[in-house]
Amino acid sequence: MGRLAEMQRKLLEQMMGPEAMGVANANLVWSDDKVCRNFLCGTCPHALFTNTKMDLGACPKSHTERLKTEFLAAREANPSDPIFARFQMEYESNIFAFVDECDRRIRAAHRRLEKTPEENAKTTNLMREIAEIELAIQGGTEKIETLGEQGKVDESMREMAAIEALKSEKSEKERELQQLTDTSGASGHQKLRVCDVCGAYLSVLDSDRRLADHFGGKMHLGYHELRNMLSKFREEREKRKMPPPSSAPPSGAIGGTGKPGGDRGGDHRSSRDDRERERGYDRHASRYE
């Protein structure tokens, strides 16, 4: 079977389940190694970044809604079973590793641009604010047209005043962005900025529409969702007073291959490694709180 056909089969299996595809392993149980632990516990990055430049392809593990339903029911019925804590730890480690790799790319991009993260963050925030204002202006313009057709003159005038205020705010943000760009130099690299969420390059010369497309794009929103997950994991761990997970996936892969109850050697890590891991976890989790 060709690679394209295999990917299509995997996608169909994820959507419809192996039973509908006539797959021989339709009798899988949720604890089987062939079932994606990420999918069972929450979100699988393989599904989160489809059709983006970070597309991981079809997950090699099974994504079957029946198994997820059975897993959630079993966890609710017996939450103290150690297997659920192991599955959750593996899931958190996989998400942490995925975001950690993104942060490494962001740091490398910052070094290539020879700009400090603070300068890039300030410029990126301005670009995002301008894009959001542009979207608000577009939505307000459409609302004015609708109100005009309905003969609601007073409401239309109020909306028009609000749009004028947004335009003034946008102009002010654009002037601030231009000043920040002018003081940073005239090289081509200094016209580029790195998105501190997904690591994509942004240009200060991009149109408002293009910036809005980026911040509303699947890859940016996907990484934002993963970072929010880390924040949630951190809050839950603080409640339980548990240490943060390792940045290295226990299975060595996003899909997860470790067996339930398997010894991953976690008790033999040095205290120094634990401290470094905790600092890294806190850095990821607190970024968007």
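Mentor: Let us begin with contact, which here means heavy atoms within 4.5 Å. By that criterion, and leaving aside neighbours within four places in sequence, leucine 226 is in contact with Leu48, Phe49, Ile95, Phe98 and Val99. This is a predicted model, in which local features need pLDDT of at least 70 and side-chain atom pairs count only at pLDDT 80 or more, while totals for chains, interfaces and linings use all residues. Residues are numbered from 1 along each chain as its sequence is written, and side-chain values use heavy atoms, with hydrogens and water left out.

Trainee: Why is leucine 226 called buried?

Mentor: Buried means under 20% relative accessible area, exposed over 50% and partly exposed in between, with a 1.4 Å probe and protein chains only. Leucine 226 has a relative accessible area of 0%, so this residue is buried. Its place is in helix H10, where helices (H or I, at least four residues) and strands (E, at least two) are DSSP runs numbered from the N terminus. Leucine 226 also lies 8.8 Å from threonine 43, C-alpha to C-alpha, although 183 residues separate the two in sequence.

Trainee: What makes a set of residues a nonpolar core, and which residues have the most contacts inside the largest one?

Mentor: A nonpolar core is a set of buried Ala, Val, Leu, Ile, Met, Phe, Trp, Tyr and Cys residues joined through side-chain atoms within 4.5 Å. The largest such core in this model has 48 residues, and those with the most contacts inside it are Trp30, Phe49, Tyr223 and Leu226. Among the elements that give two or more residues to this core are helix H5 (65-77), helix H6 (82-113) and helix H10 (218-240). The largest share, twelve residues, comes from H6.

Trainee: How do you know that H6 and H10 are oblique to each other?

Mentor: Two packed helices are described by the angle between their axes and the distance between the axes. Axes are lines fitted to C-alpha atoms, for helices over the stretch in contact, and angles run from 0 to 180 degrees between N-to-C directions. Angles under 35 degrees count as roughly parallel, over 145 as roughly antiparallel, 65 to 115 as roughly perpendicular and the rest as oblique. H6 and H10 pack at an angle of about 130 degrees, with their axes 10 Å apart, and the two helices are therefore oblique to each other. Among the residues that meet across this pair are Ile95, Phe98 and Val99 in H6 and Tyr223, Leu226 and Leu230 in H10.

Trainee: What makes H5 oblique to H6?

Mentor: The axes of H5 and H6 cross at roughly 125 degrees and come within 10 Å. That angle makes H5 oblique to H6. Here Phe71, Ala74 and Arg75 in H5 meet Phe84, Phe87 and Gln88 in H6.

Trainee: Why does asparagine 51 count as exposed, and what is its phi?

Mentor: Asparagine 51 has 75% relative accessibility and therefore counts as exposed. This residue is found in the loop between helix H4 (45-48) and H5. Most residues other than glycine have a negative phi. Asparagine 51, although not a glycine, has a positive phi of about 60 degrees.

Trainee: How many helices and strands are there in the chain, and what percentage of its residues count as buried?

Mentor: The chain has eleven helices and two strands, and of its 289 residues 43% count as buried.
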